[in-house]
Amino acid sequence: MMYLNSFNPDAFLCDKAKELRSSIGTFIHKVDVGHKIMPSGLYKKKDNHRNCTKEAMKWKESFNQLLSSKDGLSAFRTFLKTEFSEENLEFWVACEDYKKTPSANKLPGKAQFIFQEFLQTGAPREVNIDHQTREFTRQQVAVASRNCFDAAQEHTRVLMEKDSYPRFLKSPLYQQVLAQSSIRKLKISFT
């Protein structure tokens, strides 16, 4: 049985750092050996390395380019996990999925789930939004229209674009993806 006074925060942080290093190492290895990173967490061999380079380069053109790329989302999610801040992206993805729900009958249940998971005060994966936006969204969820999360989703998108996205572009993870893509491009052009 572990007691609170025996908790060693340094050991805990060291263990978390090792886990993150291992995750990033696995990610980089998969990119290095020519695997395409899929949002499902599965990896598939990618034959066309030039497309990989072009796609990774597009991610720095705009935040929307990153969000519109399945591989970009996967890489960005991996980066956010290293910062323990993936809840904003997960909320954004949940909102996109919600908007595409084909059956209007499923919208109220999904809306409640998303609100309770991400927006409710004390939610398991609570996103950082202001009180006004939270309350406005709470009222919109009662109606459960396809755009009931638009204000909160845009708030988190802007937050990620101004905060996490620039750090992602400067991160060793993204730089490694670009470097590996460039190395592959050179190998292809010399063979």
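The model is predicted. Ser 164 and Tyr 165 both lie in helix H8, which runs over residues 150-170. Helix H4 spans residues 70-82.

**Ser 164**
- Ser 164 is buried, because its relative accessible area is 6% and the cut-off for buried is under 20%.
- Beyond its neighbours within four places in sequence, Ser 164 is in contact with Phe 76, Phe 79, Leu 80 and Leu 159.

**Tyr 165**
- Tyr 165 also counts as buried, at 8% relative accessibility.
- Leaving out residues up to four places away in sequence, Tyr 165 touches Trp 59, Lys 60, Glu 61, Ser 62, Phe 63, Leu 66, Phe 76 and Met 160.
- Its side chain comes to 3.5 Å from the backbone oxygen of Lys 60.
- Phe 63 is 102 residues away along the chain, yet the C-alpha atoms of Tyr 165 and Phe 63 are 7.0 Å apart.

**Helix H4**
- H4 has 13 residues. From first C-alpha to last it reaches 19 Å, close to the expected 18 Å.
- Most of H4 is covered, with 10 of its 13 residues buried.
- The buried residues include Phe 76, Phe 79 and Leu 80.

**The ends of H4**
- Ser 69 caps the N-terminal end of H4. One of its side-chain oxygens lies 3.3 Å from the backbone nitrogen of Asp 71.
- Asp 71 is itself among the buried residues of H4.
- Just after H4, Phe 84 has a positive phi of about 55°.

Terms used
Residues are numbered from 1 along each chain as its sequence is written. This is a predicted model: local features need pLDDT of at least 70, side-chain atom pairs count only at pLDDT 80 or more; totals for chains, interfaces and linings use all residues. Side-chain values use heavy atoms; hydrogens and water are left out. Helices (H or I, at least four residues) and strands (E, at least two) are DSSP runs, numbered from the N terminus. Buried means under 20% relative accessible area, exposed over 50%, partly exposed in between (1.4 Å probe, protein chains only). Contact means heavy atoms within 4.5 Å. A polar contact is a pair of N or O atoms within 3.5 Å; within protein, one must be able to donate a hydrogen and the other to accept it, and residues adjacent in sequence count only if both atoms are side-chain atoms. The expected span of a helix is 1.5 Å times one less than its number of residues.
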